[in-house]
Amino acid sequence: MKKISIIGLGHMGERWIQAIKAEKHNVVAALDSAAAPFALTSHPDLRGATTDDAEKFWETPCDALVIATTAPSHMSLLKRAIDSGIQRIAIEKPLSDNCAE
């Protein structure tokens, strides 16, 4: 059983959570800036793992990270994940919203 962290609890984040749970893995940390993240309506058990505090989120050890946010934030979150030592990262497409990144 793997410990998975996820950033972004909108519609795509909710789909990732379904897949994570279907494979019997645990969501150990979830980060979203929304006051009422969409995914919590169908996964209220994640309330304890959900935060809007980025520093608290990045301090939580995990085996893998899912980035399910909008494209403009993908590269900065990916860089932060790599800098944090996370080796397994799944990121929604597109990787970036411009060629320069």
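Two strands are taken to pair if DSSP finds at least two bridges between them; helices (H or I, at least four residues) and strands (E, at least two) are DSSP runs, numbered from the N terminus. The views below show a predicted model, in which local features need pLDDT of at least 70 and side-chain atom pairs count only at pLDDT 80 or more, while totals for chains, interfaces and linings use all residues. Residues are numbered from 1 along each chain as its sequence is written, and side-chain values use heavy atoms, with hydrogens and water left out.

View A. Five strands, paired in the parallel sense, form an open sheet in the order β3-β2-β1-β4-β5. Its edge strands are β3 and β5 (89-91), each of which pairs on one side only. Strands of a sheet pair through backbone hydrogen bonds, either parallel or antiparallel.

**View B. Strand β2 and its two partners.** Strand β1 (residues 3-7) runs parallel to β2, and five bridges join them; across this pairing, isoleucine 4 stands opposite valine 27 in β2, and serine 5 stands opposite alanine 29. Strand β3 (residues 50-51) also pairs with β2 in the parallel sense, over two bridges, with threonine 50 of β3 opposite alanine 30. Together with helix α1 (residues 11-22), β1 and β2 make a β-α-β unit that is right-handed, meaning that, with the strands pointing away from the viewer, the path from the first strand over the helix to the second runs clockwise.

View C. Aspartate 32 is found in the loop between β2 (26-31) and α2 (39-42). A polar atom of the aspartate 32 side chain lies 2.6 Å from the backbone nitrogen of leucine 9. Neighbours within four places in sequence aside, the residues in contact (heavy atoms within 4.5 Å) with aspartate 32 are Gly8, Leu9, Gly10, Pro37, Thr51 and Asp52.

**View D. Histidine 43 in the loop between α2 and β3.** Histidine 43, placed in the loop between α2 and β3, is buried because its relative accessible area is 7%. Between histidine 43 and isoleucine 17, 26 residues apart in sequence, the C-alpha to C-alpha distance is 8.3 Å. Leaving aside neighbours within four places in sequence, histidine 43 is in contact with Glu14, Ile17, Gln18 and Lys21. With lysine 21, the contact includes a polar contact between the two side chains at 3.1 Å (a pair of N or O atoms within 3.5 Å, of which, within protein, one must be able to donate a hydrogen and the other to accept it, and residues adjacent in sequence count only if both atoms are side-chain atoms).

Technical notes:
Buried means under 20% relative accessible area, exposed over 50%, partly exposed in between (1.4 Å probe, protein chains only).
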